[in-house]
Amino acid sequence: MVTEEDKIFAKNFRIDDLSDVPAGLPRHRKLKQNRVVSKKDASVDTADAIYSGGYVSSGVDNSVKLENFYEDFKVDVISCTETDMEFDMIGIDAAFANAFRRILIAEVPSMAIEKVLIAYNTSLIVDEVLAHRIGLIPIAADPRLFEYLTENDQPNEKNTIVFKLHVKCPKGQPRLQVLTNELQWLPNGSEFLKETGGSTSTSNSKPKTYTSFSCSQDSLPEFAESPITPTYLDILIAKLSPGQEIELEAHAVKGIGKTHAKWSPVGTAWYRMLPEVVLLGEVEDEKAERLVKVCPQNVFDIEDMGNGRKRATVAQPRNCTLCKECIRDHDLVDLVDLRSVKNHFIFKIESTGSLPPDVLFTEAVKILEDKCELVIADLS
Amino acid sequence: MEHGSFTNDSFASFTLAEEDHTLANAVRFMLNQELVNAVFDLDLVSVYVVTNHYYLQLYSPRVTFAGYSIPHPSLECVNVRVQTTGDPAREVLKDACQELMLMNRHVRSVFDKAVSEFKVEQARLAAEEEKKKKAEEEELKKQRDLLASMDIESD
C-alpha cells in the first residue's frame, strides 16, 4: 500500500542526495578514464576517452573547459641546460603534446647551410657528398634575427650567413682532419667573384660576388660581440691526404625541418606518459627479491619488516620503461600493475644549439597559435 | 576554404591548406569537447532527465560530428568536417580555434613561469653551494692557522 508520504518521498527523491552515493565516476571507471594499463600481452584502455559525452550516463561532464584547464594545467621543469631540457606537462591532452612535438621537429625555423660553392676539391669525398655533409652541420645563430630567402631575393646580410673553408694538407705531412672549426665566418659576404660577361665597363665599380651585402654583419649589434660559428667545433667534415686541398664557400639560410631535416632545431623532441607502478598485493620474501632482481631499471626496492621478513616497495616508478619484464613472471603477473597516466607527459627537448630548448618550446607554442589565428582570419 | 550547403550552414567541410595532423588533430580535439553523442541527440531532454538533472547546466554540446582526414599524403592540406546541432559550422570551428589559441597562450605563460622559477632556484642553489664551499675553505684555513700558531708556541 503506497501512502501519501511515500508519494511525496518518491517525488522528491534524488539519488545524488544520498550521502553514500559517490559524486563523479566510480573508482574503476576513473581508472579506465585516465590510465593506460600495460597487461602481459597488450595495453588496455589506451583510448583517450576525452570526448565530452563519454560519461554522460554517469552524470560526468568529461569535456575540457577553458576555466578548468586554466586551473589544472601545470608545468614542472626537471632539468634545463643550454642544450637539453626535461619537463612535465600535467593536465593536457596528447593532441597538444603531439602538436608541440611535431612543430618542434618540423616547423620551428633554424639556420643551415643550403648552398656550397666549391672552388677546389681534390679530396677523396666527391663534391655532392661533401656539400651534403656540410649542410648537416648545426649553426649557432639565432634564426629570429634572419629572414627567409625567397626565390626572387638576392642573398643579403639579412638572410644569408657565409662561411669560408680553405684547407690544404701539405706534402710530407701526416693526414689531416678537417673539422668544423675550419669554417670561417665571412661577415662581409661571399668573396668569390661572379663571372661577368667580359665587359670592362664595370671595372671601377665594386666587383660582383655571389651575395650582395649592403653592410658587414659584424657591424650589426647582434653579432658584434659574438661571431657566428658552428655549434660544435669538433665535427669531422673530411680527411685530407698530403697534397689534397679543399676550397669552398658555404651559404647558410633560414628554413624549417619540414623542407629538410638539416633545418630541424632539435636533435629530437619526444614525450612519454608518466609511468605508474602499483603493487596490488603484498610481495614478500623470495618473491620480493625476485621482483627487485628482474627489473632492469631498478624501479623496486626491498623494505625490511623485521624478523628477517622482507617486502618489495616501488621506489622509483619514474624509471619504469614499461618493459613488462616484471609481469612475464607467473607469480608476479597478478601482483604488479603497470600503468601510464594519460594526461601527464614527460617531455624532452634536445636542442642543436641555435636556441636554448626552453625558447624553442615557446616558439613552437607560438607557431601553433599563429596557425589558429590564420584559420580564424581565413574563416572570417 | 569552406565546402558547405547554401540552405543549411550547420554542416560543412573545411579545407585547410598547408596544414597537417599538427593543427587538425588539435582542432578536432577542441571540437570534440562540444560533441554530443548521436544516441543522446535523438532524444536529448528525456535522456538528460533520466540520467542527470543538473547535467544540462554544465553541458550544452553543439557538435554532432567532428573529424579530419588528409586526402593524399602528397597533398599539403587537410579536410575538417564539422556537423552541428544547429549553429553555423563555420562559427563553431572558429570558436574551437579561438579556444585552442587561448589554451596555447596559457600553456606558454605557465611554461615561461615554470622555467624562470626553475632558473632562479638553480641560481640560488649554485650560490648556496658556492657559499658553503667558501665557508668550508675558511674553516680549513682557520684550523691550519691555529695549528701553525700552536707550532710556534711549542717552539
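**Strands, helices and chains in a chat**

Biologist: Hi! Which residue in S12(A) does A:Ile161 stand opposite?

Modeller: A:Ile161 stands opposite A:Ala252 in S12(A). Before going on: residues are numbered from 1 along each chain as its sequence is written, while chains are lettered from A and ligands numbered from 1 in the order in which they are written. This is a predicted model, where local features need pLDDT of at least 70, side-chain atom pairs count only at pLDDT 80 or more, and totals for chains, interfaces and linings use all residues.

Biologist: OK, and which way do strand S7 and S12(A) pair?

Modeller: Strand S7 (residues 161–168) of chain A pairs with S12(A) in the antiparallel sense, over 8 bridges. Pairing takes at least two bridges found by DSSP between two strands. Strands (E, at least two residues) and helices (H or I, at least four) are DSSP runs, numbered from the N terminus.

Biologist: How many bridges join S5 to S12(A)?

Modeller: There are 10 bridges between strand S5 (residues 110–121) of chain A and S12(A), and these two run antiparallel. In S12(A), A:Ile246 stands opposite A:Asn121.

Biologist: Why is S12 largely enclosed?

Modeller: Because 8 of the 11 residues of strand S12 (residues 245–255) of chain A are buried, the rest of the structure largely encloses it. Buried means 20 or more other C-beta atoms within 10 Å of the residue's own, exposed means 12 or fewer, and partly exposed is in between, with C-beta atoms placed from the backbone.

Biologist: Switching to helices: at what angle do H4 and H8 of chain A pack?

Modeller: Helix H4 (residues 94–106) and helix H8 (residues 357–379) of chain A pack at about 110°, and their axes are 9 Å apart. The axes are lines fitted to C-alpha atoms over the stretch in contact, and angles run from 0 to 180 degrees between N-to-C directions. H4(A) and H8(A) are therefore roughly perpendicular; that label covers 65 to 115 degrees, with under 35 roughly parallel, over 145 roughly antiparallel and the rest oblique.

Biologist: Last one: how many residues of chain B are in contact with chain A?

Modeller: Here 42 residues of chain B are in contact with 36 residues of chain A. Contact means C-beta atoms, placed from the backbone, within 7 Å. H5(B) gives the most to chain B's side, with 21 residues.

Terms used
Contact = placed C-beta atoms within 7 Å.
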